[in-house]
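Morning, everyone. I have one model to show, and a few places on it to walk through. Here it is.

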Amino acid sequence: MRYKCLTILLLFLLFPTPIDAAKPTHVVIVYSSSQVEIPPDVYKLEALVSRFSDEIKLIRDTNLQADALSEASHIFYYGASTSTLPKSTRELLNHPSVPLYAIGQNSDQLASFKGFEMTRVARVSKFLHARTDQSLSFDSTDVVTTVKPDAPSITHASVVRNDKVLPVLIQTEDNFYAGIENLLNRPSLFIADSLFDFFDVEAAPGHVGYIRLEDINPSSDPKLVKEVGTYLLDRRIPIILAVIPVYTDAANGDTLRFTDRPELIDTLRELEARGATVVAHGYTHQYRSSETGEGFEFWDVENNQPVLSQPDETPPKLKGRESFASESAYTLYLNTLLEKEATYIHSKLSNSIHELVSIGLHPLGFEAPHYTMSHSGYALTSEYFTNVFGQVQWSNSNWEVMGSTPYVSKPSLLHGMTLYPETIGYVRTDIPRPVDEMRQALEETLIVRESMIGAFYHPYIGTEYLPEVVALMESVPGFTWLDLRTSDARVRTTEVSIQAEDGMLVLEDNRSTVLNRLRLLMPQSFLEQALTALAGITLLFVIAFLTYTLFLRAQRKKRLFKERG
Amino acid sequence: MANGLFLFSLIMIWTMLLYHMFLMQGGFWHFMTYQAPIADWSKKMTDLPKVSVLIPAHNEEVVVAATLRAMSRIEYPKDKLEILLINDNSSDRTGEIAQTFADKFPFIHVVKTTPAFAGKGKSSALNFGLSQSTGDVLVVYDADNTPEKDGVYHLVMGLLNDSKAGAVVGKFRVINAYETLLTRLINIETICFQWMAQAGRWKWFKIATIPGTNFAIRRSIIEELGGWDEKALAEDTELTIRVYELGWHIRFFPAAVTWEQEPQTLSVWWKQRTRWARGNQYVVLKFMRQLFSLKRKKIVFDIFYFFFTYFLFFFGVILSNSLFVINLFVDIGLEVGNITLVLWILAFLLFVTEVFVTLSIERSEFNSQNFFTVILMYFTYSQLWIVLVIYSLYLEIKRVLFKQEVRWYKTDRFG
C-alpha cells in the first residue's frame, strides 16, 4: 500500500499538472532578436514554460500576427537585444487580455510597463529571492535591468548592490517583468520559480531526485560498479546506470565490448534486477579517435557542427544561411548534409539499444555524451526514446551553449521527450571538497518549486563520497527518489521495444537470435576485423580441403596408380 | 609493446599459412590435371635423346645394389642410356658391388672421382660425373634411390614436350615409410612437400625446386652454368635459381616416380636436415644480396619465400610462443582476444586438412595409422623443425663469423 501511494505520488510529481482542465493553456512567446535563428535563450524559456503548457508558439517580433494571439492564455515577450518593436507587434502586445510576462530589454515600449523606471546594471552576482527569503551569490556576473514600477507591485526577486535591494523581477496584477535577460545563467532560476505564480499553478510539494552512475562501459571495474551500486540500492535508492556499450581505446583504436567482460555483465544485470534503471549513454561515447568517456559522440567538436561524416572521412564545413541566395537553397543544402547525420545517429542509437538488450539490460532513457547534440539529432532521438537525462544543447551551432531546466520539462527541442535535468552536478575529485560544490548548487536549485535534484557519480571513485552525497540529497524537505520504472518510459527501435509498466520492464525483441548474436560478435577495430576475415578465409579453405579429402576417398577404388605395388 | 610484437608474429605466421593454403589449392588442381596430356605427349616420344644417369655415391654399400638393380630395369632404349655410378672416395665395398653390375650391364658404368673432385661432397662428384658423361640429358638420382621403370622415360617426356623446361622434376616416395615412427613422419612430410610446395608452386607460378634427386636437366644448361656450385650445401636449390636465371623454367611432373630411403634414426635425420636448412640459408643469403638484380622476378618471389620460411616465419613462431609462455607467468599486458584462440584452432585444422588432402592423393596413405600420426606430427615433428632451424642458423652464423669450411654430411643409409 505504501509502495502504491509512493508510485501515485511520483506519477503526480513527474508530469505537468494541468492548470485548468476546462481551459487549456496556450502560450505565445514573442521574441526580439537580431539573429534569424531562434536564440538559445528562447529555447530555454520555452523549456521552462513547457512545465506549464503543451501548447507553446515561438514567434519573432517581426512575424507576429493578430490571429497568433487569439487563442493565447498567456503571453511572453523576450527582448534579447535592444531593438524597436514593430508597430503592429507593439500594438498587439500593448493591451493584452491575458497575462503578459516580459523579460529582458525593450519592455519599456510596452504599455503594461510604460511608466516603469528601468535601469541596466552590470556585473550583478548577488540576488535576493523573496518567496524563500534567500540571498544567493552566483559565481558568474550578469547584466540585469532593475525596475521601479509606478503602480502597486509584488517583488519576486531583487539584486543586491552596494547594500541596496533593487527589484529585478516584479508582478503588477497579472503581468510580470523580469530584468534578467540572460536565461542561460543561474539567475534564470528566479524566472523558473516565478512561472508557478504567473500561471497560478500550485506546485507539488517536495523535490524528486536521482543519482546517475556515469560512464559505465566495458572497461569499468566490475567490483567498483558493484560496490557503488550495491551501496545505493541497499539504501533503497533506485539508481540510474548510464551505460556505454562499446569502449574504444584512443591509443590503438581497439574496442572492448561487454561480451569480453562477463563479470561486468553479471554485475549490471544484478543491479538492474535489484531496481537500478539503465539509460543508454551513447554507443561509444566518442567520435573519430577519441577515447570512450572523453570524446563527444553526437557533435563534431573540432568543427563545432553536427556530425556530418563517418569518423574516417573529412566532414564538409557547414555553411551558414548567409552563403545562400534563398531560404530554399539553404534548406536543400542543409537537408542533404543532415541526411548523413541522420544515418550516423540512427545507427548509433539502434546499435546502442540493441547491444544493451543483447547483454540482458533494458535501457529506459537516453543521455547524450557530454549532453551535446544538434537539434535535428534530438528529433531523431525522439523516435527511440521518451526520456532524456542531463542537459540540453540550447544552441544548434555551438555545443558550449547548453544547460538544463531546474524541473522536469518537455522542451519542444526534444520533440516530446521528457528532460530529467541534472541540476547539482557531480563529485569532482579534482577539487578539495567536491560535495560542498554540489551543496551550493542544491541550495540554488531549491529556490525553484518542484525542482529536480539530479546528480551523477563516477563509480570508479568508489563509495568514498557517497554517504555525504546521499545525506545531502535526502536532507531536502519532502525529498523522494525518482524511479523511472514507475513512469511510462519507453524505448523503441524498429525491432526492439522496452516499456516500463507498473514498475516492471517489458521487453519485446523481434530480432533474429542468430543474427543478434552474430552482430554482437562482429568486431569493431580494423585489427579484429582483419583477424576475423582471416579466420573466415581459413575456415573456407579447411572446408574445401575436407571436401577434397572426402572426394578423393570416394574415388579411391576408381583410381589407377602407376606407382609400385 | 607486447601487443605490437604479438601482432608482428601473427603477421609472419599467417602470411606463411595463407600462402600454404594457396599452394595446397594449386597442388590439388595439378594432381587433378597433370595426367591429361600424357597420351598426347607419348606420341612425340620417337626421337629420344641420349640420357646419362648420374648417381653420386660415397660409402653406399648398404643400398647401392638395390639402386643399381632398379637402374638395370629402367625402360629406356639401352643404346641411348648410360648410367654412371660416381664412386666418390668410398672406403667400403660400394665400388666393388657397383662393378658387378657394370660387368653385367653394358650401359652401367662405375667412375671413380679423381683427386681434384674426390671427397668434396655431392656437387663435386656430380661435376666429375658431368665430365665423364656423354648424354644430351642428365638425370640425377641419389645412391639410395630406386626409380620406377618408366621414371627416366617420364622425365625425358617432360623435357621433350616442354621446350621452355630446362629441367624436369619427378616425384619421390619413401621406401621405408613404415619402418619407424620417424620414417612415417618423414613420409607424410615428403608427400606434403610434393603436392603442396612442388605441385602448388608449379601450378600457380611455373616454379619447382630441383630436389637433388629424380630430375632431368639439359646438358647444354648445366654446361652453360659451369656445373654445380661446390660451396653450396643445398646444391639443388642453388641450381634451381641459376636455371631460372638463364630463362628456363623447371617442370614438376609427378608421373616420374622414384623411391628413396629416409633416415630411420633421429640423429641421422638431424644431420641431414641441418644440412638442408643450412644449405637453404646459404642460398637465401647468397641471392638476397643480389635480389633486385635477378632477372627472373618469379624466382625473387621464391627466394623471398625461403627468406620467410627460414628467417621470418620461424622468428614469428618463436616470438609468439615466447610471448605466450612469458604471459603465463608475468602480466605483460598481452590482450589476446578470443579471435586469436579461434585462429590457433584453425591453424591446427588447416594443418590437418592440408595433410589429409595430400595423403588422399597418394591412394594408400590416408589410413588410420597416418590419421593419428598427422595429429601427433603437429605437436612433435613440426615443432622439432623450430629447434632445427635455430640450430642451423647458429651454425651458419658461426661459419660466416669464423670463416669455417663447409662440410658436406653424407646421410647414413639403412639396410
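This is a predicted model: local features need pLDDT of at least 70, side-chain atom pairs count only at pLDDT 80 or more; totals for chains, interfaces and linings use all residues.

Start with the nonpolar patch on chain B. Its members are Phe324(B), Val325(B), Ile326(B), Leu328(B), Phe329(B) and Val330(B). Together they have about 650 Å² of accessible area. Look at Phe324(B) in particular. It sits in helix H11 of chain B, residues 297-329. Is Phe324(B) buried or exposed? Exposed, because its relative accessible area is 55% and the exposed class begins over 50%.

Now charge. Chain B has a positive patch on the surface: Lys164(B), Lys203(B), Lys206(B), Lys295(B), Arg296(B) and Lys298(B). Where is Lys206(B)? In the loop between helix H7 (181-205) and strand E7 (215-218) of chain B. Lys206(B) has 34% relative accessibility, so it counts as partly exposed.

Asp221(A), Glu227(A), Glu263(A) and Asp266(A) gather in a negative patch on the surface. Asp221(A) is in a loop too, the one between strand E10 (207-216) and helix H5 (222-234) of chain A. Its relative accessibility is 36%, so Asp221(A) is partly exposed.

Last stop, back on chain B. Ala65(B) belongs to helix H3, residues 64-72. Which residues does Ala65(B) touch, leaving aside neighbours within four places in sequence? Ile97(B) and Phe101(B). Then there is Ala143(B), 78 residues from Ala65(B) along the chain. The C-alpha atoms of that pair are 9.4 Å apart.

That's the tour. Questions, please.

Conventions: Residues are numbered from 1 along each chain as its sequence is written. Chains are lettered from A and ligands numbered from 1 in the order in which they are written. Side-chain values use heavy atoms; hydrogens and water are left out. Patches are made of residues with over 30% relative accessible area and no salt bridge: like charges are joined within 9 Å, nonpolar side chains (Val, Leu, Ile, Met, Phe, Trp, Tyr) within 5 Å. Accessible areas come from the Shrake-Rupley method with a 1.4 Å probe; for residues, only the protein chains shown count as cover. A salt bridge is a side-chain nitrogen of Lys or Arg within 4 Å of a carboxyl oxygen of Asp or Glu. Helices (H or I, at least four residues) and strands (E, at least two) are DSSP runs, numbered from the N terminus. Buried means under 20% relative accessible area, exposed over 50%, partly exposed in between (1.4 Å probe, protein chains only). Contact means heavy atoms within 4.5 Å. Lys and Arg count as positive and Asp and Glu as negative; His and the chain ends are not counted. The place of a charge is taken as NZ of Lys, CZ of Arg, CG of Asp or CD of Glu.
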